[in-house]
Amino acid sequence: MRSSSRLIRPRHPLFWLLVVVQALSGAFALVLAHFDPSVTLAVLLTALLIANASVSALIVWRLWREPD
């Protein structure tokens, strides 16, 4: 089983990209949850959330696969 320590690597640029993508996902979700965006903005933010989740999954996969 792979350890989560393979994900937390502050010297690796992909780690920081993952942090930024996760922060953006949190910001998008916050806007959707606490404000009442128009339908167009809600659809756009939802699409961005899905795209961010996909990018995050790819980054996690690459971090796990790369050697230390």
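A residue counts as buried when its relative accessible area is under 20%, as exposed when that area is over 50%, and as partly exposed in between, for a 1.4 Å probe and protein chains only. The model is predicted, so local features need pLDDT of at least 70 and side-chain atom pairs count only at pLDDT 80 or more, whereas totals for chains, interfaces and linings use all residues. Residues are numbered from 1 along each chain as its sequence is written, and side-chain values use heavy atoms, with hydrogens and water left out.

Asn52 belongs to helix α2, helices being DSSP runs (H or I, at least four residues) numbered from the N terminus. With a relative accessible area of 11%, Asn52 is buried, and Asn52 is in contact (heavy atoms within 4.5 Å) with Val21, Leu24, Ser25 and Phe28, when residues up to four places away in sequence are not counted.

Two packed helices are described by the angle between their axes and the distance between the axes. The axes of α1 (residues 13-34) and α2 (residues 39-65) come within 9 Å and cross at roughly 155°, where axes are lines fitted to C-alpha atoms over the stretch in contact and angles run from 0 to 180 degrees between N-to-C directions. Helices α1 and α2 are therefore roughly antiparallel, a term for angles over 145 degrees.

The structure holds one aromatic pair, in which the ring centres of Phe15 and Trp16 lie 4.9 Å apart and the planes stand at 75°, so the pair is edge-to-face (centres within 6.5 Å, planes over 60 degrees apart). Phe15 is buried at 14% relative accessible area, while Trp16, at 44%, is partly exposed.

Technical notes:
Phe/Tyr/Trp six-rings, centres within 6.5 Å; stacked < 30°, edge-to-face > 60°. Helix = DSSP H or I, 4+ residues; strand = E, 2+ residues; numbered from the N terminus. Parallel < 35°, antiparallel > 145°, perpendicular 65-115°, else oblique.
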